[in-house]
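Keep the structure open as you read.

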Amino acid sequence: DFTYYEIHPDKDLKGKVDAVYTAEIHAQLTNWVNTLVANSKDSDKLGTKKVYIDSTTGYDLAQMIQKTLSGSVIYAQLVNVYLLDIVDRDNITLLDGTNYTDMEHRFDEAWGYFGGARNMADFTDNELSSKENGLPYKDNFVADGAIDWQSEYNFGFAVNAGKRDLGSTTGTNFSKTIFDAFLAGRTAIVNKDIPTLATQRQIIINNIEKVLAATAIHYINEVHSNLNDIAADPTTSPADFYKHWSEMFKFTEMLRYNRSTPVTQLQTILTTLMVTN
């Protein structure tokens, strides 16, 4: 067995959290993990969904922790660190010991934070979403009888894009739009076509933001359904409500890590959502 720091001693997750919110998020995560520890010592909760529920707030801590990190680390790094100033990065000098420039490296990191397989365009929405026996991985980028986690598996926002496309009633195709923009942007870097890169960068940022907003709306609808179920039958377990409320709130809050988002307007929405808990 290895500890995280034995595998990668120079990486610190706390250091990846959006700098504006580091103190707030560190305090939240510390509190939530302590609550999980206490719940895990409660024999009435251990082995049930209750171990993940903060009985004081009703938060589903599994969702609160995972979505907080998805927003403050993955989304923030993708939008604010790797894409924000991509057009200003060096695209001439190769980084030491590599065959790629700083611009190429940073754009590729952005793709990694998005979470798409290299052949993501070959996946259906069912596969991206793991629906109807679909699987978010394929052994077809390098067919060797194994799944390469770095090239043949879809994670995170790539999966969210597929889910929103699958559930769309308006014909959205976020997964294709984002994949095509990443491909066109990477080609523009090779061709040193900065205007095209700038255009594709904005398409990526705008559409990932739409994926997050659409996902928040999806969970608003789920919460609404849960509340109706509880109102119709007060003996209904609140577990689904806690889970969906936590996802609703955190996907909405996730939008704040895009620094172009109007924070005051978003805070008004978050305050309104808090009333439903």
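Start with a definition: a residue is buried under 20% relative accessible area, exposed over 50%, and partly exposed in between (1.4 Å probe, protein chains only). By that rule, Lys243 is partly exposed, because its relative accessible area is 28%.

This is a predicted model, in which local features need pLDDT of at least 70, side-chain atom pairs count only at pLDDT 80 or more, and totals for chains, interfaces and linings use all residues. Residues are numbered from 1 along each chain as its sequence is written, and side-chain values use heavy atoms, leaving out hydrogens and water.

A salt bridge here is a side-chain nitrogen of Lys or Arg within 4 Å of a carboxyl oxygen of Asp or Glu. The count comes to 12 salt bridges.

Return to Lys243. Its salt-bridge partner is Glu247, with the closest N and O atoms 2.7 Å apart. Both sit in helix α10 (residues 239–254), four residues apart, so about one helical turn separates them. Helices are DSSP runs (H or I, at least four residues), numbered from the N terminus. Glu247 is buried, at 3% relative accessibility.

Other pairs reach further. Asp102 and Arg89 join through a salt bridge of 3.5 Å, N to O. This pair links distant parts of the chain: Asp102 is in helix α5 (residues 102–114), while Arg89, 13 residues apart, is in the loop between α4 (61–83) and α5. Asp102 is buried at 16% relative accessible area. Arg89 is partly exposed at 28%.

Glu127 and Lys138 meet at 3.2 Å, N to O, in another salt bridge. Glu127 lies in helix α6 (residues 125–129) and Lys138 in the loop between α6 and α7 (156–166), so the bridge ties together parts 11 residues apart in sequence.

Finally, look for a network. Salt bridges link Glu24, Lys250, Glu253 and Arg256.

Definitions and conventions
Helices (H or I, at least four residues) and strands (E, at least two) are DSSP runs, numbered from the N terminus.
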